[in-house]
Amino acid sequence: MSTEASIPAISFRGITKRFPGTVALQEVSFDVRPGACHALMGENGAGKSTLGKILAGIHQPDEGHFEIDGVVRRFRSPLEARRAGIGIVHQELSFCPNLSVAENICLSHLPNRAGRLDWQRLHLKAQACLDEIGAECDLREELGRLSAGQTQMVQIAATLAIGARIFIMDEPTSSLSAAESQRLEILIGQLRRRGATILYVSHRMDEIFRFCDTVTVLRDSRHVATMPLAGTDESELVRMMIGRTWQKLYPEHVERAPGPERLRVEELSSPGKFRQVSFSLCSGEVLGFAGLVGSGRSEIAMGIFGLDSGLTGRVFVDGQSVAVRSPGEAMAQGIGFVTEDRKRQGLVLGMECGENITLASMDRLNWRGIIRGADERNAISIFWEKLQVKAASAQVPAQTLSGGNQQKLVLAKWLARQCRILILDEPTRGVDVGAKAEIHRLIDELAAAGLAILLISSELPEVLNLSTRLIVMRNGRVAGMLNRAEATQERVMQLMAGCNLTGL
Amino acid sequence: MKTDQPITLQVESGPRSRTVMASSRPRFKESGLLGVLLALGFLLTIFGGSLEERDRDTGSITTVNKFLRADNLGNLAKNTSFFAIMAVGATGVIITGGIDLSVGSIYCLAAVCGAMFLHYFGPQGPRAGASPFWVVPVAITICLGTGTFCGLLNGLGVVGLRVHPFVITLGTMAIYRGVAFVMTKAQSFTGFPAQFTDGLIRHPVNWHGASLYPVPLAIMAGVTVLAGWYLKHAVTGRHIFAVGGNEQASLFSGLPVNRIKLKVYAFSGFTAGVAAMIMLGYYGSASSDAGKGYELDVIAAAVVGGATLIGGRGTALGALLGALIIQMINNGIVILNVDQNYSQIIIGAVIVLAVLLDRINGTLREKRLARAAQTARETRQEIAS
């Protein structure tokens with residue numbers, strides 16, 4: 001409950017929202033002070049994003065209501081919410097990639113004269129919004145051609161264009177560079193001085209403490225606490241988020257002698273993506289790949305998995321030279337690939353969880369083209385339990401699961417395939433703390449069981465803690481190769497950014 | 001598989017968990033359609049009225065229900081069989097997220113090819129004396145082969161040229177019909193060997209004084225059951241759903257996406273060939289006008305039967321029931337003496353209505369699921385605390 005005398009800017013009253021197979025929110029009530037930057041925290045699937053989407057009119061609550069400035073509001077569409085001055089910045093809610101930046105910024109009310117688009121006013125207005133947040137991009141460029149970071153800046157500019165007073169920022173920095181993130185911090189300060197209220201959803205602790213003053217923690221779709229950030233610390237927040245005492249995020253490192261060489265690549269190149277990449281990977285090893293986004297890490301993985309037709313160089317599996325031209329051929333060599341984008345490349349979201357698990361191993365689970373039902377069910381239940389997937393049953397559609405559990409399905413798919421070389425591209429992106437620790441432990445277990453693992457991650461602590469060796473990429477080239485002992489955060493960052501790096 | 005691998009994750013052993021697999025088996029998906037079908041039949045039986053029928057032998061007059069009488073039902077079943085068979089094929093294509101607009105034209109081309117062959121070796125043809133023992137099987141092969149070949153060409157266009165299936169099949173729809181037109185010089189072909197028509201496809205069975213033709217029905221049932229089984233239990237069947245659900249994820253899981261697409265288009269063509277064969281045997285003639293506009297009826301049947309045009313969903317039995325519903329409405333228009341001119345309006349409205357009902361049904365099911373999940377969660381929490 002608010003202790004202020006003023007009317008809360010937003011107050012949620014017993015909001016409940018159900019989705020097929022899950023309850024996203026259950027009787028959530030709390031207040032947001034006007035002019036606050038209010039952090040919303042919780043594990044993936046705790047309901048943070050859903051709450052933001054309800055406020056923005058994208059979802060409608062099944063029960064309960066919310067008040068804005070003390071007035072009960074109910075938005076039937078995002079447009080109504082926009083008209084009421086609520087802007088949302090969300091990664092998945094992209095705009096029209098086929099329209100220009102300027103059109104996207106002013107999309108909900110394009111300046112016009114008697115129905116004819118007024119390009120001059122449109123560009124002036126869009127430029128003003130971009131200037132306000134200090135973003136630079138070409139107004140005439142198609143949105144689809146911009147980078148993820150730039151797109152996000154355009155989104156923020158668009159919320160300014162509608163004259164929003166309440167901003168919902170759902171993981172706005174997940175694809176922003178450090179510099180862009182700093183600019184966002186300044187921007188948030190500006191917005192607040194103008195009296196705006198911000199609901200800020202993020203996983204990044206440091207940001208929460210830098211940007212926000214109040215925090216609400218959700219757990220298992222319920223409200224846990226709302227309190228000022230000044231009186232708390234990271235470990236307390238984490239404890240509230242996961243509902244138990246803080247467990248180790250990374251498994252204890254055990255020194256293991258590497259097994260026989262599984263994979264070796266020599267002078268792997270692909271025009272415009274990466275050049276002259278050579279490394280080897282042994283059984284029982286976790287080879288980490290660090291580097292900035294766009295440094296060519298994922299592209300190398302794609303190349304090894306047969307998804308790059310312009311690939312040159314040599315690939316050896318178990319010492320034998322192989323030519324891999326398709327994922328099928330890569331899989332025949334025992335290679336598995338957990339892709340970066342699980343929703344687009346990893347899972348068939350409309351299919352049952354179980355069917356997703358066995359999707360890549362059908363060639364082992366059939367008799368003359370007919371699925372062996374008993375074997376399939378057996379395989380599903382083994383990996384379902386091994387990875388402790390949390391869902392009503394293996395027969396619910398994969399789309400009803402939270403991010404962490406979806407990621408477990410993707411991992412299960414490759415484990416069911418019994419691959420011997422596993423490429424993991426951002427295996428814990430958008431995964432909550434609890435599932436993250438589980439996935440880390442699993443990676444370690446798999447390496448101990450003799451798998452050769454290639455781990456690509458943008459999270460430095462992850463690669464540093466899990467890898468036995470580390471390759472740092474920069475601009476499509478190997479910038480350095482480090483042993484576990486040599487790999488420190490500073491050293492890796494220097495290699496990632498080049499020598500001219502000063503303090504980050 | 002190499003022998004030196006120490007990985008502990010073997011699939012062949014281990015306990016089978018009941019908690020994972022046993023709960024919430026999906027219900028009979030077509031129950032809604034079946035309900036609509038029964039309701040329609042019920043309404044037509046009640047409001048269709050009755051008819052006085054004179055027995056051919058005794059001359060006695062009996063009163064029979066207009067809808068629920070043997071020859072009406074037989075007719076309804078026969079009319080359904082063409083569309084149902086093709087709708088099963090179209091469903092396969094639609095599940096992968098594609099569309100086949102050329103089924104009507106493939107049907108026509110296959111029928112015309114078969115008809116020209118049968119006419120040539122038929123009683124009035126230039127080679128009248130040929131043995132039916134090879135003429136009939138070859139004619140069937142020609143129908144099915146032409147259909148499959150045309151479907152395969154569609155598939156090659158979709159896969160090889162990377163053009164949207166709507167465009168490819170829009171093109172081949174015109175091309176195949178054009179070929180049929182040129183081949184026949186716009187003539188109709190008749191005079192088939194009786195062993196193919198009355199002896200096989202139109203083989204009559206007497207039942208309650210009416211002549212029924214069970215062969216088209218049996219073929220329809222066979223195609224539906226086989227396709228339904230295949231979609232559910234074959235690896236390729238599973239792959240068809242995966243490709244329609246998420247093509248990129250399927251590719252990244254090593255599925256032969258192109259081969260799967262080729263297969264569904266070839267199968268769609270094959271079903272058009274089967275329907276053409278039945279049509280030839282039943283009506284005993286074919287021309288380049290055959291099957292005009294059938295593609296839309298076929299797609300409508302598939303969609304009413306629960307296939308979604310964005311892909312990933314659909315069943316063979318649903319396609320059959322969808323075709324049956326559409327034919328029953330056609331039949332009802334006749335029985336209820338509704339002005340024929342209104343039939344298109346009614347059918348169009350029913351298609352939209354059926355899809356809406358299906359979606360409402362789906363939403364209700366999702367709500368039930370959500371509530372079930374909540375109770376499960378609450379019990380779990382109670383147990384934990």
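Me: At what angle do helix 3 and helix 11 of chain B pack, and how far apart are their axes?

Reply: Keep in mind that this is a predicted model. Helix 3 (residues 70-95) of chain B packs against helix 11 of chain B at about 170°, and the axes are 7 Å apart. Angles over 145 degrees count as roughly antiparallel, so that is how helix 3 of chain B lies relative to helix 11 of chain B. On the helix 3 side the contact includes Phe82(B), Ile85(B), Met86(B) and Gly89(B). Helix 11 of chain B contributes residues including Phe267(B), Ala272(B), Ala275(B) and Met279(B).

Me: How many helices and strands does chain B have?

Reply: Chain B has 14 helices and 4 strands. Of its 385 residues, 44% are buried.

Me: Now for the cores. Which residues touch the most other members of the largest nonpolar core?

Reply: The general idea is that nonpolar side chains tend to be buried together in soluble globular proteins. Here, the largest nonpolar core has 175 residues, and Ile453(A), Met86(B) and Tyr107(B) touch the most other members. Helix 11 (residues 257-283) of chain B supplies the largest share, 15 residues. This core also lies between domain 2 (257-334 + 419-504) and domain 3 (342-418) of chain A, because both give residues to it. There is a second, separate core of 66 residues, and among its members are Leu25(A), Val32(A), Phe75(A) and Ile208(A).

Me: Which residues does Tyr107(B) touch, leaving out those up to four places away in sequence?

Reply: Tyr107(B) touches Met86(B), Ala272(B), Ala275(B), Ala276(B), Ala290(B), Gly291(B) and Tyr294(B). You have already met Met86(B), Ala272(B) and Ala275(B) in the contact between helix 3 and helix 11 of chain B.

Me: Let me turn to chain A. What domains does its assignment give?

Reply: The assignment gives domain 1 (10-242), domain 2 (257-334 + 419-504) and domain 3 (342-418). Taken over C-alpha atoms, the centres of domain 1 and domain 3 of chain A are 34 Å apart.

Me: How do I read a sheet? What is the strand order in the open sheet of 6 strands?

Reply: In chain A the order is 18-21-22-15-23-24, with mixed pairing. Strand 18 (335-338) and strand 24 (477-483) of chain A are at the edges; each has a single partner strand, so one side of each has no neighbour in the sheet. From one strand to the next, the twist averages 20°. Inside this sheet, strand 15 (residues 286-291) and strand 22 (residues 452-456) of chain A run parallel and are joined by 4 bridges. Gly288(A) has Leu455(A), in strand 22 of chain A, as its bridge partner.

Me: Is strand 9 of chain A mostly covered or mostly open?

Reply: Strand 9 (residues 166-170) of chain A is mostly covered, with 5 of its 5 residues buried. Ile166(A), Ile168(A) and Asp170(A) point one way, while Phe167(A) and Met169(A) point the other way. Strand 9 of chain A pairs in the parallel sense with strand 6 (residues 86-90) of chain A over 5 bridges, and Ile86(A) has Ile166(A) as its bridge partner. Another 5 bridges join strand 9 of chain A to strand 10 (residues 197-201) of chain A, also parallel, where Met169(A) stands opposite Tyr200(A).

Me: Where are antiparallel strands to be found in chain A?

Reply: Strand 1 (residues 10-19) and strand 4 (residues 63-68) of chain A pair in the antiparallel sense over 5 bridges, with Glu63(A) as the bridge partner of Thr16(A). Strand 4 of chain A also runs antiparallel to strand 5 (residues 71-73) of chain A, joined by 3 bridges. The hairpin of strand 4 and strand 5 of chain A has 2 residues between the strands, and Asp69(A) takes a positive phi near 50° there.

Key: Residues numbered from 1 in each chain as written. Chains lettered and ligands numbered in written order. Predicted model: local features only at pLDDT ≥ 70, side-chain atom pairs only at ≥ 80, totals over all residues. Domains from an automatic or database assignment. Core = buried A, V, L, I, M, F, W, Y, C linked by C-beta atoms within 7 Å. Buried ≥ 20, exposed ≤ 12 C-beta atoms within 10 Å, placed from the backbone. Contact = placed C-beta atoms within 7 Å. Pairing = 2+ DSSP bridges. Axes fitted to C-alpha atoms, helices over the stretch in contact; angles between N-to-C directions. Parallel < 35°, antiparallel > 145°, perpendicular 65-115°, else oblique.
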